[in-house]
Amino acid sequence: MTDATRREPFVLLVEDDDGIATPLAAALRTHGYGVERVATGRQALARARAGADAVVLDLGLPDIDGVEVARRLRDLVPGVPVLMLTARTTEADVVVGLDAGADDYVTKPFRLAELLARLRALLRRAGEARGAEEAGTLSAQDVRVDRAARRAWRGDEELELSAKEFDLLALLVGSAGTVLTRERIMEQVWDTNWFGSTKTLDMHVSWLRRKLGDDASAPRYVTTVRGVGFRFEP
Ligand code: CA
């Protein structure tokens with residue numbers, strides 16, 4: 001759910017009680033959230049497939065138990081935070097404590113301000129986790145690349161790379177298993193549309209192979225795909 005022009009966060013509200021769902025949905029919209037409300041676990045699972053930034057989930061649903069819905073949501077949309085609505089604190093302890101899939105809970109009757117604060121915190125944490133993943137470590141075979149720290153390793157040994165070699169390795173490892181065309185690599189690493197020679201690229205690939213201990217005639221890491229580009233072997 002990343003978008004260059006950040007839209008309003010989308011909340012899937014799963015609650016069978018109209019007396020709670022209707023005012024809560026209205027309040028969430030007032031506070032800048034996009035909201036869709038469904039009233040059953042089955043609908044929640046069907047709707048979640050289309051994506052959501054967070055799920056507010058009632059524990060007591062008419063068809064599937066809220067704990068089971070939370071569990072299935074974990075598999076279906078990993079990383080999407082679930083805020084559980086429960087009738088009693090004792091239930092909430094079980095739901096959150098057993099790692100059933102809920103990230104946090106509020107107990108009914110809840111104060112709107114508290115629900116909003118918890119929802120904000122969950123969305124912030126999910127956003128941070130996503131950011132860390134996007135900026136984080138890539139790996140293929142025994143090669144690891146930490147993009148945030150701009151460091152790379154083969155096994156336990158850190159590789160000493162120039163800036164361009166690092167960018168090239170990060171791009172290749174991040175797309176391990178797929179062929180990257182020369183044009184795409186030139187565009188991403190050298191920030192240029194290259195219509196002529198890609199000698200610079202060939203030189204950097206050759207240096208990178210040497211540092212990886214790779215043999216150009218029988219490469220274990222970087223394979224040349226003739227007439228197309230390069231592939232890092234997964
Ligand atoms: Ca209910």
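Leaving aside its neighbours within four places in sequence, with which residues is L169 in contact?

**View 1. Contacts of L169 in the predicted model.** Once neighbours within four places in sequence are set aside, L169 is in contact with V143, V145, A152, L159, L161, L208, L212 and F232.

**View 2. The largest nonpolar core, with 26 residues.** V145, L169, I185, L212 and F232 touch the most other members of this core. At least two core residues come from each of strand 6 (137–140), strand 7 (143–146), helix 6 (163–174), helix 7 (182–189), helix 8 (199–212) and strand 12 (229–232). Helix 6 gives the most, contributing seven residues. In soluble globular proteins, nonpolar side chains tend to be buried together.

**View 3. A second, separate core of 22 residues.** Among the members of this second core are F10, V38, V82 and M84.

View 4. D16 lies in the loop between strand 1 (10–14) and helix 1 (18–30), and D58 in strand 3 (residues 54–58), so the pair ties together parts that are 42 residues apart in sequence. With a relative accessibility of 33%, D16 counts as partly exposed, whereas D58, at 4%, counts as buried.

View 5. L116 counts as buried, at 5% relative accessibility. Apart from neighbours within four places in sequence, L116 is in contact with L28, H31 and Y33. L116 and A27 are 89 residues apart in sequence, and their C-alpha atoms are 9.4 Å apart in space.

How values were computed: Residues numbered from 1 in each chain as written. Predicted model: local features only at pLDDT ≥ 70, side-chain atom pairs only at ≥ 80, totals over all residues. Heavy atoms only, no water. Helix = DSSP H or I, 4+ residues; strand = E, 2+ residues; numbered from the N terminus. Buried < 20%, exposed > 50% of the residue type's maximum accessible area, 1.4 Å probe, protein only. Contact = heavy atoms within 4.5 Å. Core = buried A, V, L, I, M, F, W, Y, C linked by side-chain atoms within 4.5 Å.
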